[in-house]
Amino acid sequence: MIVLFELAIMGLVVGIFSALLGLGGGIFLVPALTLIFHLPIRVAVGTSLVGIIATSAGVSAIAPRGRGANVGLALKLEIATTAGAILGSWLAGQIAPQILSIIFSIVVFLTAAYVFYKGQRKVKNVMKESLFQRDYQLKNWGLGLGFAGVAGTLAGLLGISGGFIKVPLMYSIMGVPLGIATATSSFMVGITAAASVFVYYGRGDIHPLVAIPTALGVFIGSMVGVYILPRIRARWLRLALVGLLVLMGFQMLYRALVA
Amino acid sequence: MQKISLGVSLLSLGLMIAGITLFLLRGNFVAVPGTSVLPASDFIHPLQYRTTILVMSAGIILLALLPALRVLMALSLYIRSRALINILAALIVLIELILSMRTG
């Protein structure tokens, strides 16, 4: 019973941290499950995918009307993302756990760099309405689909949401307003995770007694994190969490190479 | 669409919580990969264990089906509005999701 409680608390903390950094839960959850609970990485990834679907379901249920995703764009990009996710999930069963851990650490470092860069760059004086403007032209479809496929493959392989690829992809490359890109990405992550979760479930990498308390904790933690985010503006907190991410990445790399 | 989505989410959460509660009420220990806790099957009737696991698994599977349900609802909206390209995109994504279920 204590283990269930510990998993739920860990999920809660991870959910809060992830929401504060604007990330999906997987990037913190997978290292936490492998480093603290010593779970095999495939089980950790499978658990993370369940958590991602739970969080995505919760966020979409409370999303404000009129400021939602471009569902048409999401579905078109999901053609590539879902295919990538299935491929990534299959690959996870073929690749050695150590290699998986190394790939995960690299992605953790890249994510930390992205979050750090996002925090450092000066915020332009953008009007709120322009974040959700409707009259925009979509461009660079080929590049968009290519990167969406990569995001999906990483999501299926590592149990992450891939939002740190999808949002810049839509915003910077495809010309989608930032608010809509973020909402569209949130809509997409659930579908991408669902494509992977069945592959992991069939392989026996999802244990209900691990996945459920963790997913419940992450779900509640994300809601709490979203609630407290506007109330906390401390730059130091963001830097501390980025530091924690880097530390986790090094720990995973160390274990993969040495242990 | 949002109400249906919320309803299915709550149902899957309810199943998961019910499964965990049933498991705990029986005073069982938990066997988690990587830990040294005693296996539950040593303490409870195998049938009860299977039922509890089935309830929890049903919750997880229902949650995993929710995105497919949302794609299906989007498809029905696009069929009504006759947006052919979006219909095609939704169909392809649905087929991919069904393939992933068969792969698993």
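I began with chain B, whose secondary structure comes to three helices and zero strands. Helices (H or I, at least four residues) and strands (E, at least two) are DSSP runs, numbered from the N terminus. Along the sequence, chain B reads α-α-α.

I noted the ground rules next. This is a predicted model, where local features need pLDDT of at least 70, side-chain atom pairs count only at pLDDT 80 or more, and totals for chains, interfaces and linings use all residues. Residues are numbered from 1 along each chain as its sequence is written, chains are lettered from A and ligands numbered from 1 in the order in which they are written, and side-chain values use heavy atoms, with hydrogens and water left out.

Burial in chain B: I found that 39% of its 104 residues count as buried. Buried means under 20% relative accessible area, exposed over 50%, partly exposed in between (1.4 Å probe, protein chains only).

I then turned to chain A. In helix α2 (residues 26-35) of chain A, 10 of its 10 residues are buried. Among them are A:Phe28, A:Pro31 and A:Thr34.

I looked up helix α8 (residues 163-173) of chain A, where the buried residues include A:Phe164, A:Lys166 and A:Met170. The buried residues of α8(A) pack against α4 (71-94), α5 (97-120), α7 (141-158) and α9 (178-202) of chain A. After α8(A) comes A:Gly175, with a positive phi near 80°.

A:Ser161 sits in the loop between α7 and α8 of chain A. Is A:Ser161 buried or exposed? A:Ser161 counts as buried, because its relative accessibility is 12%. Leaving out residues up to four places away in sequence, A:Ser161 touches A:Gly24, A:Ile52, A:Ala155, A:Lys166 and A:Val189. Contact means heavy atoms within 4.5 Å.

I checked the length of helix α11 (residues 235-257) of chain A. At 1.5 Å a residue, its 23 residues should span 33 Å, and the end C-alpha atoms are 33 Å apart, which agrees. The expected span is 1.5 Å times one less than the number of residues. Buried residues in α11(A) include A:Leu241, A:Leu245 and A:Met252.

Last, I searched for cavities. How many cavities of 30 Å³ or more does the whole structure have? The search finds one. The lining of the largest cavity is A:Val197, A:Phe198, A:Tyr201, A:Ile206, B:Ile60, B:Ile61 and B:Ala64. The elements giving two or more residues to this lining are α9 of chain A and α2 (46-81) of chain B. On a 1 Å grid over the protein atoms alone, a cavity is a set of points where a 1.4 Å probe fits but cannot get out, and lining residues have an atom within 4 Å of a point.

Key:
1 Å grid on protein atoms, 1.4 Å probe; cavity = no way out; pocket = protein on both sides within 12 Å on 5 of 7 lines; lining within 4 Å. Points joined across faces, edges and corners; volume = space filled by probe spheres on them.
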